[in-house]
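This report describes a sheet and the nonpolar cores of one model. Please look at the structure below before reading on.

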Amino acid sequence: MTGELMPRPEMRVSDAERNRVVEQLNQAAGEGRLTLAEFEDRIGGVLAARTHADLASFTADLPAAVEPEVLELRSRASSLKRAGRWVVPRQVVVEARSSKIRLDLTEAVIASRAVQVTLNVRSSSVTLVLPHGASASLHEVEMSSSSAKPRVPDSGGLHIVVRGRLQSSSLKVRYRRRFLRWRW
């Protein structure tokens, strides 16, 4: 959390903050820092935690979780998909040639309130699926024989800033679609 204000201990925690602590405990158990019994006890406490003070006690004796600053994704003549629970750092760099890219952020663990997505794509299609309530801006995308369709507002909670260059490519930014029990 460099560069961000630390939350007050009495502030209520969000599900995303609980999930980050669960990931940190999972990593500590995988490294052998916690026994299985300690891990289970702490997970139960984290899920019941209501404030930041409640959460702090479960990770006080563990090293701080190191979150990656940049995620680089590269694809050549293939399909690249990120969906489900995956960690999204502050900056995502996508380089693709003749590929289909889909980044689904609806269930992702997102480290900050703003994420920068830098594109350098040629002859590819890129789809960003955002959680409801998120926003995106595409003002800094340079396009050559390309199209960009933002189907989300330019202001809101989580904000995605898309930058970079599209050459003979398409970019779609949208929310998850639902019909009955199907989601895509």
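Valine 92 stands opposite valine 117 in E7. The two strands concerned, E4 and E7, pair in the parallel sense over seven bridges. Strands here are DSSP runs of E, at least two residues long, numbered from the N terminus, and two of them pair if DSSP finds at least two bridges between them.

This is a predicted model, in which local features need pLDDT of at least 70, side-chain atom pairs count only at pLDDT 80 or more, and totals for chains, interfaces and linings use all residues. Residues are numbered from 1 along each chain as its sequence is written, and side-chain values use heavy atoms, with hydrogens and water left out.

E4 and E7 belong to an open sheet of five strands with parallel pairing, in the order E1-E4-E7-E11-E9. At the edges, E1 and E9 each pair on one side only.

| Strand | Residues |
|---|---|
| E1 | 70-76 |
| E4 | 91-97 |
| E7 | 114-122 |
| E11 | 159-167 |
| E9 | 135-144 |

The largest nonpolar core has 31 residues, of which Leu130 and Ile160 touch the most other members. Such a core is a set of buried Ala, Val, Leu, Ile, Met, Phe, Trp, Tyr and Cys residues joined through side-chain atoms within 4.5 Å; buried means under 20% relative accessible area, with a 1.4 Å probe and protein chains only. E7 gives the most to this core, with four residues.

Beyond its neighbours within four places in sequence, isoleucine 160 is in contact (heavy atoms within 4.5 Å) with residues including Val115, Val117 and Leu130. A second, separate core of twelve residues includes Val21, Ala28, Phe39 and Leu55.

Terms used: Buried means under 20% relative accessible area, exposed over 50%, partly exposed in between (1.4 Å probe, protein chains only).
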